[in-house]
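Okay, thanks for coming, everyone. Let me put the structure up and then walk you through a few things.

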Amino acid sequence: MSGELVEGSVYFYAPNKGAPVFFAVAFAASGIYHGYQCNHYNSWRLTGLYVICSLLFTVGFIVREVGAFDYSDLVKFIVSTCVIYAAPPLVALANYTILGRILYYAPYHSPIHPGRVITTFAFISFVVESLNGAGAAHVANMSLPANLQEIGRSLLKAALVIQLAVLACFVLLAVTFHRRCLRAGLRNPALLAPLYTLYASTLLITARTVFRVAEYWTVAEHDFYSGDIDPDDLSPAIRYEWFFWVFEASLMLVNHVLFNVRHPRRYLPKSVKVYLSPADGATEIMGPGYKDGRPVWVTVLDPFDLVGLVKGRDESKARKFWEGDSEGGKKEGSRVGEGQV
């Protein structure tokens, strides 16, 4: 806690031995409850990633706990770092899935085909996850040559910057949808409650990512390979362990518990074909579903169908099934009072 370099420690400091136990147990408990909720709500496709992320965090903190008793062990440090850093991009991917599910509930106000939120952002998340894993492995392994460690830092920088850009696009999409709903007078609690939860989750993820960006930019300023570094010149984010526990572990744990408490299936219907009637914003209607006739790979690369707009082809006209809901839709009843914002 003094910020002084501990000789032989790959962490810089002597790592805390109690915190990893707490977070391993906490993430395991949250993950078990997420698994129960996935079974209870039949929502594995919607929130199943939170079970996987909880498992990754649990394993990562268990390995960190073992490494805390031998803080010169580089292998344990690399494993725990890679596993823990692999989870947050998957948490963000889970949020993209949930936003897509919200858009299905009021598709007439969605700026984008709801299914494209998942496919497009999933593709970007795959790229981020690949960069993140490769970068963390290179940076954590101090035995690698200087040029390979520099490549690792560059990969992590790229991954973190892309995450921030994607988060900005995600918030823009959610806010645009939200404003359209409010302008149309659609204030159904079952729709707004999961949206507010996503805002809170995105704020937590953004805070964590901004910290990571600042931390790695600081790391990149120093040549650790040469060994000629004054510890006092290093950023407090590197010298003090509490930064990791606050901005990495705690923020992600709060995010997991947030979705335990405000699980999206408490508010949203099971089927993506069920949507709110544009007429009253309360009655649920079973429709044919939001379809896109273009190939999947095309929708991933061009989610807004910009090519179609340029060519004068409006694919959205064939997808506006809600305009005939009074005739072709099956009314499912109202759920306005089910979820509380």
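So, what is the mean pLDDT of the protein, and what share of its residues reach 70 or more? This is a predicted model, and the mean comes out at 83, with 79% of residues at 70 or more. Element by element, helix H1 has the highest mean pLDDT, 97, while helix H11, residues 325-328, has the lowest, at 46. Then have a look at residues 336-341: the pLDDT there is below 50, and in the model that stretch has 14 contacts beyond near neighbours in sequence.

The largest nonpolar core has 61 residues, and the ones with the most contacts inside it are Phe 61, Tyr 96, Leu 99 and Leu 191. Who gives two or more residues to this core? Helices H1 through H6, then H8, and also strand E1, residues 274-276. H3 gives the most, with 14 residues.

Let's zoom in on Phe 61. Skipping its neighbours within four places in sequence, Phe 61 touches Pro 20, Phe 23, Ala 24 and Phe 27, plus Ile 84, and then Phe 244, Trp 245 and Ala 249.

H8 has 20 residues and reaches 26 Å from first C-alpha to last, close to the 28 Å expected at 1.5 Å a residue. And where does H8 bend? At Ser 250, by about 30°.

Notes. Residues numbered from 1 in each chain as written. Predicted model: local features only at pLDDT ≥ 70, side-chain atom pairs only at ≥ 80, totals over all residues. Heavy atoms only, no water. Core = buried A, V, L, I, M, F, W, Y, C linked by side-chain atoms within 4.5 Å. Buried < 20%, exposed > 50% of the residue type's maximum accessible area, 1.4 Å probe, protein only. Helix = DSSP H or I, 4+ residues; strand = E, 2+ residues; numbered from the N terminus. Contact = heavy atoms within 4.5 Å. Expected span 1.5 Å × (residues − 1). Bend = angle between axes of the 7 residues up to and from the residue. pLDDT = per-residue confidence, 0-100.
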